[in-house]
Every structure is written in C-alpha cells, then in structure tokens.
Amino acid sequence: MIASSVAIVFGLSFVAAVLLAAASRVFHVEEDPRVAEVEACLPGANCGGCGLPGCSAAAAAVVAGEAPPEICVAGGMDTAAAIARVMGLSVDYREPQVAALICSGGDRAKRMFAYEGVRDCRAEAMLYGGEKSCGLGCIGMGSCVRACPFDAVRLGRDNLPVVNKALCRSCGKCAEVCPTGAIRITSFSASLLHVNKLVDCLAPCMQKCPVQLDVRTFVQQVKTGDLHGALLTLKNRNPLPLIVGRICPHPCEDICRRKIVDEGVGINALERYVADWEMNTGRIPIHVAPETGRKVAIVGGGPAGLSCAYFLRRLGHHPVIFESHSALGGMLRYAIPEFRLPRNVVDWEIQGILELGVEVRTYMTFGKDFDLGDLESQGYEAVFLATGAWRNPRLYIPGDDARNIVGGVDFLTGVGSRWTNLKGRRAVVVGGTNSAMDIARSLVRLGAERTSVLTRHIPRKMAANKYEIEKAEEIGAEILVQTMPQSFELDESGRAVAVRYVRTEYPDEKKAAGEPRPVPGTEARLEADLFVVATDRVPDLSPYLDKRGLGPFRLTKQGTIIGDDMTMRTNLPHVFVGGELRRGRSIVMEAVADGRRAARSIHNFVTTGDVPMPTLPQERVVPESLLKGMRVRWRIPKVQPSEVPVKARLERFALEVRRGIGDREAVKEASRCLRCGFTCYDAEAGSEFAEDRDVTPYEQAVEN
Amino acid sequence: MDYFLLIITAVFISNIVLVQYLGSCPFMGTSKAIGVALGMGGAVVFVMTMATALTWPIQHLLLLPNGVDYLQTIVFILVIASLVQLVEMFLRKFVPPLYASLGIYLPLITTNCAVLGVAILVQRNDLPFVRGVVYSLASGAGFLLALVLMAAIRERFDTAPIPRVFRGTPIALVTAGVMSLAFYAFRGMGG
C-alpha cells in the first residue's frame, strides 16, 4: 500500500514535471533582465498616471523602448535618473506637474434639490447638471479627494478642494473624476503657454485683461498676505508688473463686477503694491526651465520684445534682443515722462528680465546693421519683430511742415535734452491721445505760459484715459474739446505762429456717435510758439521695404505688418510680429500680451515645427458673465492712492505724481474683490472690515 | 433539465464563495475593479474546469482502483498547482496584458481552495465525468459572478461616505456577509 502510494505520488509528480518542462520550452518568453531592474527603480505606486496598468507594465514599456525614462509620474526626477542609468540613457528634464483648481467658489448657487444619493460629483452632475447656474464650477462633493491615491487633495473652506503641491504626483486621478473640469493637471510651462479658453472659469476682469492675468488669484493672495505668491502669479502673465502697475489704463477695473454696486476693485494699485514690495525687499527668484539651446532673435527692446524674451527665456530658450537705442525699454523709457514712470523703475524691471539670461545687443538697427538673412545665417531659429510705432503721421493741412511743429514722440524723447525750459512760451498740442496728455503735462512742467490741447472729441470719446485728462487739466493745461485744426499761419522765416481751427460736431450730437466733422463758420485762431502733433503713432516700415516699396511682409492699409491675432505669425513661417508694429498705437498691456503669445508660438515652432491654434480661445468678453444686478453685503470705498500736490509737480519735473498704497490699504482693497467666477461671486466680500467706520452695510441691494 | 438545475445550483444556490465560503482570499483581493475581477474570474473558470477534467480520471483510473483514494488531497493539489503553472506560462506567452493585470493573483489560484474544493466536491458527490465538468464550469461561473458583483459594489465605495474605520477590507467583509445572506435566499429554489 505504502509502495503503491509512493509510486503514484512520485509518478504523478514526474509526469507533471515532464509536462511543465515541455510547456516551459513551448511557452518560453524571453524577458530582458532590465525589466526587473527598472521595476525596482519605480515606486510601485501602481497609480496608473503613466497610462499603463501598473509599474510592471511601465517597466516593460521602458525596456521595450516604448516609453521614456521619465515615464513615472509618481517618482519625479530621481526615479527618472535611476531608470536612465539602468537603460544607459540620458534623462530629459521632467517638469513637475500639479493639480490646480480653477474654481474660486464665489457665492455658489443653491443646489436644485437636496440630493441624498451617492456623494459623488459625477452623479450629481449627471442627475442635476451640478450647480444651478454654472457648469464650470466645483460641485464640492469631494470626488477628487477620494480619488487621490496620494492624499494630496483635501476639501477646504466652502468645500473647495485644496491641493498639497508637495504630495501631488500629477497622476491625474482627480482631474479624471471631476465632471466640470474645475480641477486640472498643469505645469509651469503649460501655465506660461496657456491661452485663456472659453471652458475656463473666467471672471470679467480676467476676460478683459489683454495679458489674461489671473486677477482673482493674485488679489486673494494679497488679501492673505502672500505677496510672494501674488508676485509669481503676476509674473506668470506679465513680466512688467512694476511698469504696468503705474501706467496701465486698467480695462479690468472698468469691467469689474463690483462696479455694479459701487466702484471696481483697485487692481492696478494692488499690482503696483505687489511689484513695489519686490523692488523694496529684493528680487524674488523665478523658475526658468533648463536651457534648450535654441536661439531666437527679438528685434526691438520695447514692452513687446521684452515680454517675448522673458517668456522664451523662462521656457528655456535663448532669446537675443536687438535694440537700436542705447538702452532697452522702447516707449517706456523714451516716450513716457518720468512723472508717470520713473527711470529707476524701468531699469529695475528690465534688469530683472536680463538677469534671467536674456542677451542684448544695443545700437543694432534692423534694415541697417542686420536683416532677416543675417539672423538666419547666424542660427536664429525664429524672429520676433517688435520695433514699435515711433512715427507721428502728418496732419496734411497747410503749413504742417513748419520748423516748430514737432511730432509727439520727438517731443517726448527730447524732453530733458532738447526741451528743458519753455518759460514764457505758448504751446499747442494737437490730438486727444494719452501721449497728447503726457505732452501737455510735460509742457506745463517745463514752464510753458499757456498749454492748449486741440481735440476733435468730447472727453468721453477721447483716446486718452479719463485719469490722464484730469491730470492734464489739474496742472493747468487747457483742453479745447471738439476742435479741429485747419491750417497753420507761418511767418517769413517759416515758423508757425498760429493754428487756425474750427469747431466740430458729431453726426449724432446727442449720443456723440460717429466721426466728428467741422462746422463751417466757427473758425478761430490760436497763437503759439511751439506746436506738437500727437494725433496718432504709426510704425516706420522703411526697414521692411525696399526702394520700390516692396517687402517680404503682408501689410495692412494702416501701415502695420499683418500677424495672426492668436499666433502673431506673419506670412513668413519663422517670423512673428507684435506690439505697435502689428497693432498700431496701443496700450502697454497689449504689447506685453503680443509678446507672450508670440513666445508661445515660437516655443511651439522651435520645438515641434508647428504653431497650433489654441482651442476655444476666449477672445471677447462672454456676455453670460456680465451680470446686471448683484447682492453685495458690504460697501467699502475704493482705495485712492495719494498724489503729490500740483505745486510740487511744477517744481520737480521727474517727481512721480502718484504714490503707492500702504499694507492695510492693500489688504482692505483686496478684500473688496468678490472672488468672481464665471457667473458667481462672493456677496460677503470684505466682511472682515465690517467694523471700520467707512464700511457700511449695502442695504439697498440691487435687484436683478 | 438536470443540467440546468445543476448549473443553477452551482451558480446561485451553492455559490462556491458566498455560500460555501471557499476562495475568500482571491475574492477579497481581486474584487476592487470590474476589469480585474473579470480577468481573475475567467482564469478561475478555466482552471476549475480543467482541474476537474484532470482530477476525475486520476481519481477514477488511478486512486480508486489502487485503493489509495486517501491521497486525493495531495494528488489534487499537485495536479492543480501544475495546471496553474501551465496556465500562467500560456497567458504570459499569448495574453501578456491579462497576465500583467492579474499580477500576483494568478499564482494565488494555485492555493485557491475554491478550485481544490470543487474538484473534491465533484468526487464526494459521485458526479459522473460530464456532470462533474459542467458543475465545475458552473461553480467557476458562480465565482466569477460573485467577484464581479463585489467589484461593482466596491467601485462605488470609492465615492460613498463610509466611516473611516469601515473603509477598505472591513466594509468589503460586511458587504460579502450581506451578499451571502442574499444568496441564501436561493436555497428555496433547489427544493
């Protein structure tokens, strides 16, 4: 019995062994020993963030050459380096990515029903469309929190997810379960290259800002005292916060939702506050991607060129700015008077950009010292043209070529050198632009006995901002609205001694609509010693045209180079154009925006050879986001930055007129921000200042 | 009709996991995602059927004629372990994604008492070869059903408000208990 038992067990074992041995020959799979080695390098999280079923599959894919050493999203650079060592490869820089929430909560609309089912954002979104009025906002059930395998997401105030960046491994699970796209995975490069989209949760201020600044986040950072974070938020979209904080006409404030109930938030003052804080405390280091070695030529060192260089450098490229003047800054340095924009501010801001590693070649004029062919032969992979609009067009009226009729740009660049003292002289400025106001204010400061501004429009319709017009009048300039010059009277020496002008009227005088036209029989004359023309500014296209007036670029009728609105690309595939060379006269933020968009396109062009159009870009204000009425609990007066007295302005030309705001003022102003989303807002904003004497309950809430 | 009842019995009335409490380990371990549950269940169905098809002749042609049927357990373990090894080699060669996704759970079948249990039950109930094989197949299907049902429920757990102390295995065991009670309701069907 024992013998047969032993024989049967051993016999069966032998048969099984023989069969398995045969099977192992038939089913043999050659496995690279490196698979096990690579797998040992991986953290074993099996998070699936790499898109493969697990770490074993990822290791097999790396060894098979189907995935790069940087495949693991959970492991970071150390893991990538270890895998690269096993594989004998070099590891590419792997940019850290983190989950980011785009929803600010605001005054979240009441839910349609008290839902007692599965506590899942997807379930609620499927059943009731999530929130009542906003399809983009966070539903707040915390599905992302439960989905995160690394405990990097928690629900914070108002049931909004808070991401711990140190723990986030960018596996994307949270974004996967979010039905509204309120939480996304993003990286530093992605945020630099992002163009605001219709599917983003954009408050009106963010829609109106040319550089698409994340106003809401930066204002909230000021409110919580996180000035470091606020500065980085600003610099992700705007490399010139110090300058923009002083001279931007802030269209964001004009569309601020708070304006429905009192006054828009002082976004510009807050921007200056944050930028001034950096200048006073020391430069804050900002992230720059590792060097890619790709050379890009930027022609023109004004705001557009500086912006493009800044973003390209932060993306790791090697931009070289070619500047015809002795120093960078363009109009910022040479045309905006110091009482609005001190030179030390311009210097500090530009120095910060140069310290990132941007190369500069001054006294290099395009068309004279170099051209596109030279740049190509020197290894520049792309070119960004931003030479600005430095020419004032003629008025084309009799006598407009007299010696003492100067262009606005010429006058402003000559202040301090050619124009130092105008005591006892009379001056006339023609035009209603911001430059015209700068000129008028400069003329009064230089001692002009009488400064008059002729403009065809009423103040509301003038190109200049209301604030600039007020400042010009405040210092003593006389604005002659609805006037149009007809001719200049010249003396024997060819100097203009007076301007003849007529009154204008609008086709629809009541609404001031249409183009003003002269009214016959209203002629008058104005004597003066100096006449400055500042009606418009146009680019000088001579460097781009040959003697026959032909060139490689397609041009607009207004005499600017055509570049795509989204990509800034010209008809030459490797040449991009921006700033006033593309737009004509515009505000500094538009130049910065062009530089940023061009940097995005150039980055794509030099890395992939293609310039993709952004999908669903937000190009104009979305009507749905413009509310007619709101309920806000507290009325808080808008901060009013102090200004130096008029007497002091007249005594010291370069004295900056407007001062910055203090710490408490800044926090209080930031507390006025309603944390708007697409359609939502925080009705309780500013309640922490309810005890202040100037804060009052907004009892008469405006109804829809 | 006999076969129909046999299948109903194996799948519902005497479900190998929820009624006979066999194979709880892979049941708990591989029932977190429906995809994995289907893979594991499919592998068990195959191994269970093959195991019975192999062990039935060994029992009837080798062990019983030689009067060594007391070796049944050890011999069946030997046969099933070899079979699982064979399946593993096969999957690795021809279905690598399934092999990768099953991971550690495939070797677990080797020690899966459900497979051994079914092979022994077939012998204990004196089922003829074909009925035995059908019973094994249906038992595997019952295992697959229980696994998929459990996985479907556990996927919901990810988003359900479960008290912290119950999260993970505790709530899975509680759920398995409730499911067992539900399956006991099929007992009346068998008559």
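**Close-up views of a predicted two-chain model**

View 1. Leaving aside neighbours within four places in sequence, Ile602(A) is in contact with Val296(A), Cys308(A), Leu312(A), Ala382(A), Phe384(A) and Phe576(A). Ile602(A) also belongs to the largest nonpolar core, which has 87 residues, and it is one of the members that touch the most others, together with Phe218(A), Val222(A), Leu270(A), Val274(A) and Phe384(A). Helix H23 of chain A, covering residues 588-608, gives the most to this core, contributing 10 residues. In soluble globular proteins, nonpolar side chains tend to be buried together.

**View 2. Parallel strands E5, E6 and E7 of chain A.** Strand E5 (residues 295-299) runs parallel to E6(A) and is joined to it by 5 bridges, with Val296(A) standing opposite Pro319(A). Strand E6 (residues 318-322) of chain A is mostly covered, since 4 of its 5 residues are buried.

**View 3. The open sheet of 5 strands in chain A.** The strands are arranged in the order E9-E17-E10-E11-E12, with parallel pairing. Strand E9 (405-407) and strand E12 (478-480) stand at the edges, and because each has a single partner strand, one side of each is left without a neighbour in the sheet. From one strand to the next, the twist averages 25°. Within this sheet, strand E10 (residues 426-430) and strand E11 (residues 450-454) of chain A run parallel and are joined by 5 bridges, and Val428(A) stands opposite Ser452(A) in E11(A).

**View 4. The interface between chain A and chain B.** In this view, 21 residues of chain A are in contact with 23 residues of chain B. The two chains bury about 1,900 Å² between them, and 75% of this area lies on carbon and sulfur atoms. Ile8(A), Leu12(A) and Phe27(A) supply 29% of the area that chain A buries against chain B, which is more than any other three residues. Leu12(A) is also included in a second, separate core of 54 residues, whose members from chain B include Leu18(B), Ile80(B) and Leu121(B).

Technical notes:
Residues numbered from 1 in each chain as written. Chains lettered and ligands numbered in written order. Predicted model: local features only at pLDDT ≥ 70, side-chain atom pairs only at ≥ 80, totals over all residues. Heavy atoms only, no water. Pairing = 2+ DSSP bridges. Helix = DSSP H or I, 4+ residues; strand = E, 2+ residues; numbered from the N terminus. Axes fitted to C-alpha atoms, helices over the stretch in contact; angles between N-to-C directions. Buried < 20%, exposed > 50% of the residue type's maximum accessible area, 1.4 Å probe, protein only. Core = buried A, V, L, I, M, F, W, Y, C linked by side-chain atoms within 4.5 Å. Contact = heavy atoms within 4.5 Å. Buried area = accessible area lost by both parts, 1.4 Å probe.
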